Amino acid sequence: MKLVKAKDLSASSNDKNKAILAQINRPLKPLCPNPKKKAEAINARFFAKDGSMLIDDNVEIKVKEVAVKDRFGAHVDISSEVAPFRNPALCVTVHNKTGKMLFIDLGNSFFTRCGQSFSYYNPTSTSTSHTTGSGASLNLGAAAGALGISGAGATLASGITIGAGSSDGSTTTVYNKRVITLLPDATYTFPLTRLFAAVDEVIVPGIRHKYWVDPFWDKYGDQCAFNFEKKKVYVGNQLTYLPEQSPISFGFTITYSPFEDLRTSNALQSNFYLGEITGLENRQTTYSPDTDFINLLWFVSQVESSKSWPYFPVF
């Protein structure tokens, strides 16, 4: 597997990658701050780290944040200047720019969050049984010949995947595929990944995820809360963090190959960090109405001030 670097790109692809990163990292100027009014919410922005790769000569990767509306996974795009108090999730897509088929290797494609890695490949199976039956099991390194598998599957038997199933009239087993075929000019969307947790807990010191319930309206949802000591953030002012200071980071590695057997493959890796916090009044933005929010990675969070759990660092 080859990790794609800027030097591996054509001039046009390199220029476009730089342009995309510049859009994500572009500065936003808030309206005049109000140093006397404590913020009730914040706008948290993520920036791309140096060396992040979102495009090469074959594929283009896009990432946007969506707001998870409830514990059942319903979501809405964060696409305007006013975002809800929600638990953000990442929607990652990969587009095949070429005129030939490409193959996405889910087993070597990962989402990372605060030092933890999560594979996009979930090697589970679904079986339906009536009486008795037999079938090829999920490949864990068995020889292809022993399973009677030919073609592309034979080269995958060393442990990559076999999306196989068999039925004798009584049992059918279907395995999740590790290799996804991406047709020319087609786009594959990876499963939504919550940026934070899906349960009530402290994510990192100073940030927690929690559920809320409105008994009057019989509604519930979930959101993130930042805990600042004595609410040391005011409407319109900004707190900035360098990559090495940031308590929150995430990233992803997307691996693809021009060959179905994955004998050679390319991996594009991008990393992001929480670099800016802007104080908000309620959930309203403090940016000018004509601000362009396209290709920004951001979400809105509640502000708290509680001694019962750690404070978020302010530099």
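**Close-up views of a predicted model**

**View 1. The charged end of Arg263 sits over the ring of Phe259.** In this predicted model, the distance from the charged end of Arg263 to the centre of the Phe259 ring is 3.7 Å.

View 2. Asn17 has a relative accessible area of 4%, so it counts as buried. Setting aside neighbours within four places in sequence, the contacts of Asn17 are Leu9, Ser52, Met53, Leu54 and Ile55.

**View 3. The largest nonpolar core has 52 residues.** Phe190, Phe226, Phe228, Phe252 and Ile277 have the most contacts inside this core. A separate second core has 8 residues, among them Leu28, Tyr287, Leu296 and Trp298. Beyond four places away in sequence, the residues that Phe228 touches include Ile42, Val233, Leu239, Ile277 and Tyr311.

**View 4. Phe226 and Phe299 form a tilted aromatic pair.** The ring centres are 6.4 Å apart, with 40° between the planes. Phe226 belongs to strand E17 (residues 219–227) and Phe299 to strand E22 (residues 297–304), so the pair ties together parts 73 residues apart in sequence. Phe226 and Phe299 are both buried.

**View 5. Tyr241 and Phe312 form an edge-to-face pair.** Their ring centres lie 5.7 Å apart and the planes meet at 75°, which is over 60 and therefore edge-to-face. Tyr241 is in the loop between strands E19 and E20, while Phe312 is in the segment after E22, so this pair ties together parts 71 residues apart in sequence. Tyr241 is buried at 3% relative accessible area, and Phe312 is buried at 2%.

Terms used:
Residues numbered from 1 in each chain as written. Predicted model: local features only at pLDDT ≥ 70, side-chain atom pairs only at ≥ 80, totals over all residues. Heavy atoms only, no water. Buried < 20%, exposed > 50% of the residue type's maximum accessible area, 1.4 Å probe, protein only. Contact = heavy atoms within 4.5 Å. Core = buried A, V, L, I, M, F, W, Y, C linked by side-chain atoms within 4.5 Å. Phe/Tyr/Trp six-rings, centres within 6.5 Å; stacked < 30°, edge-to-face > 60°. Helix = DSSP H or I, 4+ residues; strand = E, 2+ residues; numbered from the N terminus. Lys NZ or Arg CZ within 6 Å of the ring centre and 35° of its normal.
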